[in-house]
Amino acid sequence: MAKFIFTCSNGYEKHLSDELVSKDFRLLDILPGFVLTVRDDKFVSGVKDLCFPHFCMIFPQLIEGGSVNSLGKEIAERFFNINRDREFDGPWHFLSGFDPEVKGLGKRESAVAEQALVNLKRIAGKVARLAETDLPAQAERQNGLFLYFSDFGKVWLSTEFVWFGQRRVSDDPAAPSRSYLKVEEAYRVFGAEPESGDTVCDLGAAPGGWSYSAAKRGAKVTAVDNGELKGGARDNANIRRLSADAFTFEPDRKYDWLFCDMVEHPNMVTKLLEKWIEKGWCRNFIVNLKFGRTDPVELITKLSSPQSLLKKRCLYFDIKHLYHDREEITLLGRLE
Ligand SMILES: C[S@@+](CC[C@H](N)C(=O)[O-])C[C@H]1O[C@@H](n2cnc3c(N)ncnc32)[C@H](O)[C@@H]1O
């Protein structure tokens, strides 16, 4: 039996737990933004396809202690001992997280992480200098150090972890909605974004955050919505608004990108996406599904099953609960 900790957005532990149970994980403990599990295989096959986790700590160990100094010392020593035979010839990632509902824990996390690095410098100066505290360039399995603080004196440590690609992105004062953040984050998970000269069709575009995000990169956007565009999307030379129903709209060309962010039933939006794929109307897509009362895990299971058209037709297909997503999930796909 191998232990795994998964972290997620605060408030989405139930969906994360359901998703993990659907993949044969057994639940041991659930805290805000944190699920401790076991599974009987040591190798985490297919783990990167999960939707709700942000991080997965592989074989975590619990460290308990009173002071910042004692925790920092213990963390450095355990990290050093686990890696005793490893050659460090390049940067490694040192990241951490904490229970968002324990007041003041963020400060504790920074102080202990700093102290751990001070101690590591004493025992292995060269290794400590290679520590990288920014998020990795790509979502993938890492050999480094991940700490999760579940309380002031309770820290989980793992030297193998998976990052699923979610990150907080910065706002743009000209963006007309907070939805702008979701599409900006989606590009980073996707590893691609609309480029200058690309064509984008944005279904359910108003007030225009997604359209604005593509337009500011020089893409030519068709924004389909009966609602008005606002802020930086209004009177934008790269955006043409069509007042039409997204479900009956038929494009007169193939678009490089399909965007869709409508408050409609997820089955209807999925059918619409499948129509766009079957008709060959887009090369890439970013589609947000508001799951509302629908069970998101059933939805994810159906969409990612081998019988799903999306799974069959996409060269790349991913479903993620982004940092900026709420009661919604984001589908990302490349068809060509
Ligand atoms: C959540 S908002 C989109 C926000 C947008 N992505 C942004 O960044 O500002 C949903 C939009 O979908 C539009 N919408 C819903 N159903 C639609 C339909 N059948 N056809 C076109 N637009 C629709 C609504 O008018 C609304 O403006």
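This is a predicted model: local features need pLDDT of at least 70, side-chain atom pairs count only at pLDDT 80 or more; totals for chains, interfaces and linings use all residues.

Colleague: How many strands form the open sheet, and in what order?

Modeller: The open sheet has 7 strands, in the order 12-11-10-13-14-16-15, and the pairing is mixed. Strand 12 (239-242) and strand 15 (316-320) are the edge strands, each pairing on one side only. From one strand to the next, the twist averages 15°.

Colleague: Do take strands 14 and 16. Do they run parallel or antiparallel, and how many bridges join them?

Modeller: Strand 14 (residues 282-290) and strand 16 (residues 328-334) run antiparallel and are joined by 7 bridges. Within strand 14 and strand 16, Val287 stands opposite Leu331.

Colleague: Which strands does helix 5 lie across?

Modeller: Helix 5 (residues 179-190) lies across strand 13 (255-260), strand 14, strand 15 and strand 16. Its direction is at about 125° to strand 14.

Colleague: And helix 7, at what angle does it run to strand 14?

Modeller: Helix 7 (residues 266-279) runs at about 175° to strand 14. The strands that helix 7 lies across are strand 10 (199-203), strand 13, strand 14 and strand 16.

Colleague: A change of topic: Trp210. Where is it, and is it buried or exposed?

Modeller: Trp210 is in helix 6. Trp210 counts as buried because its relative accessible area is 3%, and the cut-off for buried is under 20%.

Colleague: Which residues is Trp210 in contact with, leaving aside its neighbours within four places in sequence?

Modeller: Trp210 is in contact with Ser179, Tyr180, Lys182, Val183, Asp202, Phe259, Cys260, Asp261, Ile286 and Asn288. Among them, Ser179, Tyr180, Lys182 and Val183 belong to helix 5, while Ile286 and Asn288 belong to strand 14.

Colleague: What about backbone phi? Which residues other than glycine have a positive value?

Modeller: Asp24 is one of them, with a phi of about 70°, and Asp235 is another, with phi near 55°. Most residues other than glycine have a negative phi.

Colleague: Where do those two lie, and are they buried or exposed?

Modeller: Asp24 lies in the loop between helix 1 and strand 2, and Asp235 is in the loop between strand 11 (220-224) and strand 12. Asp24 counts as exposed because its relative accessibility is 63%. Asp235 is likewise counted as exposed, at 77% relative accessibility.

Colleague: Let us stay with helix 1. Which of its residues are buried, and what covers them?

Modeller: The buried residues of helix 1 (residues 13-22) are Glu13, His15, Leu16, Ser17, Glu19 and Leu20. Their cover includes strand 1 (2-7), strand 2 (26-31), strand 3 (34-39) and helix 8 (296-303).

Terms used:
Residues are numbered from 1 along each chain as its sequence is written. Side-chain values use heavy atoms; hydrogens and water are left out. Two strands pair if DSSP finds at least two bridges between them. Helices (H or I, at least four residues) and strands (E, at least two) are DSSP runs, numbered from the N terminus. Axes are lines fitted to C-alpha atoms, for helices over the stretch in contact, and angles run from 0 to 180 degrees between N-to-C directions. Contact means heavy atoms within 4.5 Å. Buried means under 20% relative accessible area, exposed over 50%, partly exposed in between (1.4 Å probe, protein chains only).
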